[in-house]
Each structure stands twice: as C-alpha cells, then as structure tokens.
Amino acid sequence: MSVAAEMEGLLREAFAPLRLDIINDSAKHSGHSGDDGSGESHFTIVIESTAFDGVSRLNRQRMVNQALGDIPGQRVHALAIKAIAPN
C-alpha cells in the first residue's frame, strides 16, 4: 500500500472528513534533502472536518499528526497540513 493511501485511510477513519486532499509534492523536491527516492517523501494535506470545530490551528495540526502515527518524520520527510472546520 502506498503511503498516500495509508494516510488517506487513517485520516478518513479518525476524522470522517467532508473534504480530504492528499497531494504528493515529492517530484518538486527530487534531489533535495529528505528525498529518499521513493516518490513519497513530501506531501500536502488539506482536510475539512467537524472534528476541528472550536480547535486552534496548532491543535488541528497536532490532531492530524497524531492520527498519522509514525508516518510524519519517520516515513515522510515533509508534511504541510491545512486542517479546517466547515464554517
């Protein structure tokens, strides 16, 4: 299973998102620090969920990182997160 597919499954299970975009940015970073040659080293996640209602931006990012377990920092070098509430 690809890292992107694994992240999608974990985030759907944790947040039942209204919107979930997982964008693989790895090609933009080819040959840069953190590029392990796998083609899955840099990602952007855009996630919208009612689970983020009333939660600060920092805590939303922490929630996403926690749901992803060892993926950020261990299996993915860089992860940009935009976690938003529906309103």
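Visitor: In which strand does E48 lie?

Guide: The model is a predicted one. Strand β2 covers residues 42–48. E48 lies in strand β2.

Visitor: Is E48 buried or exposed?

Guide: A residue counts as buried when its relative accessible area is under 20%. E48 has a relative accessibility of 18%, so E48 counts as buried.

Visitor: Which residues does E48 touch, not counting those up to four places away in sequence?

Guide: Contact here means heavy atoms within 4.5 Å. Leaving out residues up to four places away in sequence, the residues that E48 touches are P17, L18, R19, I84, A85 and P86.

Visitor: What distance separates the C-alpha atoms of E48 and N87?

Guide: Along the chain, E48 and N87 are 39 residues apart. In the model, their C-alpha atoms are separated by 9.6 Å.

Visitor: Why is one side of β1 and of β3 left without a neighbour in the sheet?

Guide: The sheet is open, with three strands in the order β1-β2-β3 and mixed pairing. β1 (19–24) and β3 (78–84) stand at its edges, so one side of each has no neighbour in the sheet, because each has a single partner strand.

Visitor: How many bridges join β2 to β3?

Guide: The two strands run parallel. H42 stands opposite A78 in β3. The number of bridges joining β2 to β3 is seven.

Visitor: What angle does the direction of helix α2 make with that of β3?

Guide: Helix α2, residues 57–67, packs on the sheet and touches both β2 and β3. The angle between the direction of α2 and that of β3 is about 125°.

Terms used: Residues numbered from 1 in each chain as written. Predicted model: local features only at pLDDT ≥ 70, side-chain atom pairs only at ≥ 80, totals over all residues. Heavy atoms only, no water. Pairing = 2+ DSSP bridges. Helix = DSSP H or I, 4+ residues; strand = E, 2+ residues; numbered from the N terminus. Axes fitted to C-alpha atoms, helices over the stretch in contact; angles between N-to-C directions. Buried < 20%, exposed > 50% of the residue type's maximum accessible area, 1.4 Å probe, protein only.
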